[in-house]
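Please examine the sequence and the structure shown below.

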Amino acid sequence: MTGPKKNYADLRSSRWYAADDLRSFGHRSRTMQMGYDKSDWDGKPVIAIINTWSDINPCHAHFKQRVEDVKRGVLQNGGFPIELPALSLSESFVKPTTMLYRNLLAMETEELLRSHPVDGAVLMGGCDKTTPGLILGAISAGLPAVYLPAGPMLRGNYQGRPLGSGSDAWKYWDERRAGNIDDAELTEVEAGIARSYGHCMTMGTASTMTAITEAMGLTLPGASSIPAADANHIRMSSACGRRAVDMVWEDLTPDKIIDRAAVDNAVTVAMSLGCSTNAVIHLIAMARRAGIDLTLDDLDAASRDVPVIANVRPSGDTYLMEDFYYAGGLRGLMSRLREKLNLEAATVSGQTLGETLRGAEVYNDDVIKPLDAPVYHEGSLAVLRGNLAPNGCVIKPCACDPRFHHHEGPALVFDSYPELKAAVDDENLEVTADHVLVLRNAGPLGGPGMPEWGMLPIPKKLLKQGLRDMLRLSDARMSGTSYGACILHVSPESHIGGPLALLRTGDTVRVDIPSRSIDMLVDDAELEARRAQWTPPERKFERGFGWMFSQHIRQADEGCDFDYLETRFGAAVGEPDIF
């Protein structure tokens, strides 16, 4: 930094503290009530630390300490830190789904920053929906902000074998349902699969979204790859605090970082990682908040162009995020993508992306593959369209058996998850390996909140025959740690009368991933007759946040943001009055 671009009088916080009036008198006296001296804030930027810690969020269990590390960094660089707790959104525990509350966290973040005497922010997140929720809010608030990723947990272990969170949960649970695992073995797996604080250490939604945020320029270089339990994570946390102070003086706001180049970089990196399918929804929402029109077609085109080079489960076959970090982390991976990235894009570090990659290397070619010897040449994601999903749906070709890339089979349709669960555990269920399992009424409105039900359980009858994958179709999402031939995010969803609502058991479903098509082989006249018979489901909410959610949620292909929060609905909200 060559010198401040702002003076203290230019800071937002000075509006609260510096005036010679009754309100500022009150602000100063109440701050002193908490034990602070005028020298603690006078002439200094106030840095909000938005902390998504809670007692029931294992991904963020270390944030109680890390917030102190951030404060230390803020103080070291002449700022005044204030911690502002925010919605925690623990992926494992919040029901029916954290996706129902992503936009609530975004609104809370935006309003916390706007309503307090804040000049800049450190955003502490990592568990799946906290990353996009915090970023969406920070974009709309428009203050300088740096993102602090929670970091992945240590790799799991069971009888000397590495376990991957989520991915191995599904695997071992299938073996349990097939009768191959007893209570004692299952308990050992449960105890070994998550051994430290931090988010999932597979390339699930958490690792995907923190990497995307780094690629978009919103974290310090390399921040997203550091394991939560590593001492480097402590140092990075303090560095975030120091950097946030400089960003205030430099007036380095999100709109100066998130442009088309930054979004394209994030998309490219996501595809190279074999990203979570959830990235589709969050990326579109984040881009639209920043006024950038990102579409499903853009993501599909990138998937065809960018090979998967991160050999990390579930798209990879062996490694986990700890291995990825040791192999060079995201900086190492991006160094191999130079020709596909815009290296002039800005970052919160004050350097261009290209400058942050100086000296980056890959130390294990089997974990981070060369471009000419990738895990998959293309296919991180594919967007399918047809009479079942006119606005699109998503599949992860690199994480399913190639035999399902072309498939035609009869539908077996369920209208609710309890109905599905009861049926698949019935060993007399009439189902074959060629069937297409279908779950509907699980989208943004139908779920509600689009729960991660899309990795539909394989019928027990087929599990006992040795089958471990089959084609599955829903308007739900699935965990980024999941795998298999799962077609997701069908839009428009069945709950609002999308074509999925018209599909019946026994109808033939045809999927062709290379041609990006998905259709039910039912003629138009029959579909029109079924449409005339369809009746909308009852509303799920009559009050509260759920009611507001139901009135304003966008569909999956539009990012599931609230319509009135998108940038196109008007300029940013002005500064609050202080009288």
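## Backbone at two prolines

Pro-314 is placed in the loop between α13 (296–305) and α14 (321–326); helices (H or I, at least four residues) and strands (E, at least two) are DSSP runs, numbered from the N terminus. The peptide bond that joins Arg-313 to Pro-314 is cis, with omega near 15°. A cis bond also runs from Gly-447 to Pro-448, with omega near -5°. Pro-448 has its place in the loop between β10 (436–439) and α18.

This is a predicted model, in which local features need pLDDT of at least 70, side-chain atom pairs count only at pLDDT 80 or more, and totals for chains, interfaces and linings use all residues. Residues are numbered from 1 along each chain as its sequence is written, and side-chain values use heavy atoms, with hydrogens and water left out.

## Positive phi values

The loop between β10 and α18 also holds Met-450. Phi of Met-450 is near 60°, a positive value in a residue other than glycine. Met-450 is buried, at a relative accessible area of 1%; buried means under 20% relative accessible area, exposed over 50%, and partly exposed in between (1.4 Å probe, protein chains only).

Asp-251, found in the loop between α10 and α11 (260–273), has a positive phi of about 55° although it is not a glycine. With a relative accessible area of 26%, Asp-251 is partly exposed.

## The largest pocket

Rolling a probe the size of a water molecule over the atoms shows where empty space is left. The search uses a 1 Å grid over the protein atoms alone: a pocket is an open set of points where a 1.4 Å probe fits, with protein on both sides within 12 Å along at least five of seven lines, and lining residues have an atom within 4 Å of a point. Grid points are joined across faces, edges and corners, and a volume is the space filled by probe spheres set on the points. About 1500 Å³ of space lies in the largest pocket. Its lining has 48 residues, of which Lys-95, Ala-169, Trp-170, Glu-452 and Ser-479 lie nearest the centre. The lining divides into 23 nonpolar, 13 polar and twelve charged residues; Ala, Val, Leu, Ile, Met, Phe, Trp, Tyr, Cys and Pro count as nonpolar, Asp, Glu, Lys and Arg as charged, and the others, Gly among them, as polar.

At least two lining residues each come from α7 (167–177), α8 (183–192), α9 (205–215) and α17 (417–424). Helix α7 gives the largest share, six residues. The buried residues of α7 include Ser-167, Asp-168, Tyr-172, Asp-174 and Arg-177. The buried residues of this helix pack against β5 (156–158), β6 (161–163), α8, α17 and α18 (460–463). Just after α7, Gly-179 takes a positive phi of about 85°.

Met-216 has its place in the loop between α9 and α10 (231–250) and is buried, with a relative accessible area of 1%. Leaving aside its neighbours within four places in sequence, Met-216 is in contact (heavy atoms within 4.5 Å) with Ile-257, Ile-258, Ala-262, Ala-266, Leu-283, Met-286 and Ala-346.

## Aromatic pairs

Rings of Phe, Tyr and Trp (its six-membered ring) pair if their centres lie within 6.5 Å; planes under 30 degrees apart count as stacked, over 60 as edge-to-face and the rest as tilted. By this rule the count is ten aromatic pairs. Tyr-17 and Trp-41 are stacked, because their ring centres are 5.2 Å apart and their planes stand at 25°. This pair links distant parts of the chain, with Tyr-17 in helix α1 (residues 12–17) and Trp-41 in helix α3 (residues 38–41), 24 residues apart. Tyr-17 is buried at 9% relative accessible area, and Trp-41 is buried at 1%.

The pair of Phe-562 and Tyr-564 is tilted, because the ring centres are 5.7 Å apart and the planes are at 35°. Phe-562 is buried at 0% relative accessibility, whereas Tyr-564 is partly exposed at 32%. One aromatic cluster is formed by Tyr-101, Phe-545, Phe-549, Phe-562 and Tyr-564.

## Cysteines

A disulfide is a pair of cysteine sulfur atoms within 2.5 Å, and the count by this rule is zero. The sulfur of Cys-486 lies 8.3 Å from the closest cysteine sulfur, in Cys-400, which is too far for a bond. Cys-486 is buried, with a relative accessible area of 1%.
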